[in-house]
Amino acid sequence: MLTSVDTDLIRVLADPLRLRIVTLLAQETLCTTHLIEETGAKQTNLSNHLKVLREAGVVETEPCGRFTYYRLKPDVVASLAGQFAELAETARATAENNVKRSCP
């Protein structure tokens, strides 16, 4: 039974720009220049968000000449999705069995 969902990862993905970056990287590997063009974010702001995503293990980098490409790590997203699927299954079972705590 699931006891919790990875709240640190949820916090990382809760930011709208970081979620946009993850969505873009799910479709293709991109460099910072591409991400700036796609998001309209300033380079320093985007770099800070990419650092957070790297440190959280959501993306990995690939140096290519003077550019750095970013790639989404699908296993991290799949793990979080699995945690939510398990949470949903627990909630479904709770509803079906009418599990509720008695009031004192």
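A residue counts as buried when its relative accessible area is under 20%. By that cut-off, the buried residues of helix α4 are L46, H49, L50 and L53 in this predicted model. Seen down the axis of α4, these buried residues fall within an arc of 100°, so they line one face of the helix.

**Helix α4**
- An α-helix has 3.6 residues a turn, so residues three or four places apart point the same way.
- The exposed residues T44 and E55 sit on the face of α4 turned away from its buried side.
- The cover over the buried residues of α4 includes α1 (7-14), α2 (16-27) and α3 (32-39), along with the strands β2 (59-64) and β3 (67-72).
- Helix α4 covers residues 43-55, and its 13 residues should span 18 Å at 1.5 Å a residue; the end C-alpha atoms are 18 Å apart, which agrees.
- G57 follows α4 and has a positive phi, near 80°.

**P63 in strand β2**
- Strand β2 contains P63.
- P63 has 67% relative accessibility and therefore counts as exposed, the cut-off being over 50%.
- C31 lies 32 residues from P63 in sequence, and the two are 9.3 Å apart in space, C-alpha to C-alpha.

**Packing of α1 and α5**
- The axes of α1 and helix α5 (residues 74-96) come within 11 Å and cross at roughly 115°.
- That angle makes α1 roughly perpendicular to α5.
- The crossing of α1 past α5 is left-handed.
- On the α1 side the contact involves L9, I10 and L13, which meet V76, L80 and F84 in α5.

Terms used: Residues numbered from 1 in each chain as written. Predicted model: local features only at pLDDT ≥ 70, side-chain atom pairs only at ≥ 80, totals over all residues. Heavy atoms only, no water. Helix = DSSP H or I, 4+ residues; strand = E, 2+ residues; numbered from the N terminus. Expected span 1.5 Å × (residues − 1). Buried < 20%, exposed > 50% of the residue type's maximum accessible area, 1.4 Å probe, protein only. Arc of directions from axis to C-beta. Contact = heavy atoms within 4.5 Å. Axes fitted to C-alpha atoms, helices over the stretch in contact; angles between N-to-C directions. Parallel < 35°, antiparallel > 145°, perpendicular 65-115°, else oblique. Left-handed = near helix turned anticlockwise from the far one by under 90°.
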